[in-house]
Amino acid sequence: MKVTESMKIHVKLDGVKYPMIILRKDEFLYREASKLVNEKLNLYRLNYKDAGSIQHWTMTAFELAFTLVKTRVNDILHYQKKIMELEAALDNLVSKEEIEKRT
C-alpha cells in the first residue's frame with residue numbers, strides 16, 4: 001500500500017476502540033460495518049437480556065454471516081439467469097444465421 005492510499009482509523013466495537021490501517025477508499029465501508037455490528041449487538045442485548053455477552057456476539061456474527069451467504073447465493077442466481085438469457089440469445093442468433101445460409 002502506498003502511504004497516500006492507506007490511513008489509520010479507529011473503529012469502536014462494543015465500546016472498545018480498534019486501531020486499523022485501511023485503504024482510504026474503504027473507510028466508509030469499515031465505518032458502516034462497525035455501525036452495523038454495534039446495532040445488531042445492541043439489538044440482541046435488548047431482546048435477549050438473560051443471555052450473556054458471548055451469546056450476543058455469537059448471534060450477531062451468525063446473523064451477519066447468514067446475510068453474507070444469502071447475498072452470495074442471490075448474486076450467483078442473478079448471474080446464472082443472465083448467462084441463461086445470453087445463451088438463449090446466442091442460440092436464437094445461430095438459428096437465424098443457419099436459416100439464412102440455407103435459403
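The following conversation goes through a predicted model of one protein chain.

Trainee: What should I know about the model before reading it?
Mentor: This is a predicted model, in which local features need pLDDT of at least 70, side-chain atom pairs count only at pLDDT 80 or more, and totals for chains, interfaces and linings use all residues. Residues are numbered from 1 along each chain as its sequence is written, and side-chain values use heavy atoms, with hydrogens and water left out.

Trainee: What is the average pLDDT of the chain?
Mentor: The protein chain averages 91, and 92% of the residues score at least 70; pLDDT is the predictor's confidence in each residue, from 0 to 100.

Trainee: Which elements does the chain contain, and in what order do they run?
Mentor: There are two helices and two strands, arranged β-β-α-α from the N terminus on. Helices (H or I, at least four residues) and strands (E, at least two) are DSSP runs, numbered from the N terminus.

Trainee: Is the chain a compact globule or more spread out?
Mentor: The chain is more spread out than a compact globule, because its radius of gyration is 24 Å, well over the 13 Å that the globule rule gives for 103 residues. That radius is taken over C-alpha atoms, and the rule is 2.2 Å times the number of residues to the power 0.38. The C-alpha trace spans about 75 × 45 × 15 Å along its principal axes.

Trainee: What share of the residues is buried?
Mentor: Buried residues make up 13% of the 103 residues. Buried means under 20% relative accessible area, exposed over 50%, and partly exposed in between (1.4 Å probe, protein chains only).

Trainee: Where is Thr 60, and what does Thr 60 touch?
Mentor: Thr 60 is in helix 2 and is buried, with a relative accessible area of 1%. Leaving aside neighbours within four places in sequence, Thr 60 is in contact (heavy atoms within 4.5 Å) with Val 37, Lys 40, Leu 41 and Tyr 44.

Trainee: And Lys 12?
Mentor: Lys 12 is found in strand 1 (residues 6-13) and counts as partly exposed at 45% relative accessibility. Not counting residues up to four places away in sequence, Lys 12 touches Lys 17, Ser 34 and Asn 38.

Trainee: Changing topic, how many salt bridges are there in the whole structure?
Mentor: A search finds five, a salt bridge being a side-chain nitrogen of Lys or Arg within 4 Å of a carboxyl oxygen of Asp or Glu. One of them joins Glu 27 and Arg 31 at 3.0 Å, N to O. Both residues lie in helix 1 (residues 27-47), four residues apart, about one turn of the helix.

Trainee: What about Lys 25 and Asp 26?
Mentor: Their side chains also meet in a salt bridge, at 3.4 Å, N to O. Lys 25 is exposed at 67% relative accessibility, whereas Asp 26 is buried at 18%.

Trainee: Which residues form the nonpolar patch on the surface?
Mentor: Met 59, Phe 62 and Phe 66 do, with about 330 Å² of accessible area together. Phe 66 lies in helix 2 (residues 53-102). Patches are made of residues with over 30% relative accessible area and no salt bridge, like charges being joined within 9 Å and nonpolar side chains (Val, Leu, Ile, Met, Phe, Trp, Tyr) within 5 Å. Accessible areas come from the Shrake-Rupley method with a 1.4 Å probe; for residues, only the protein chains shown count as cover.
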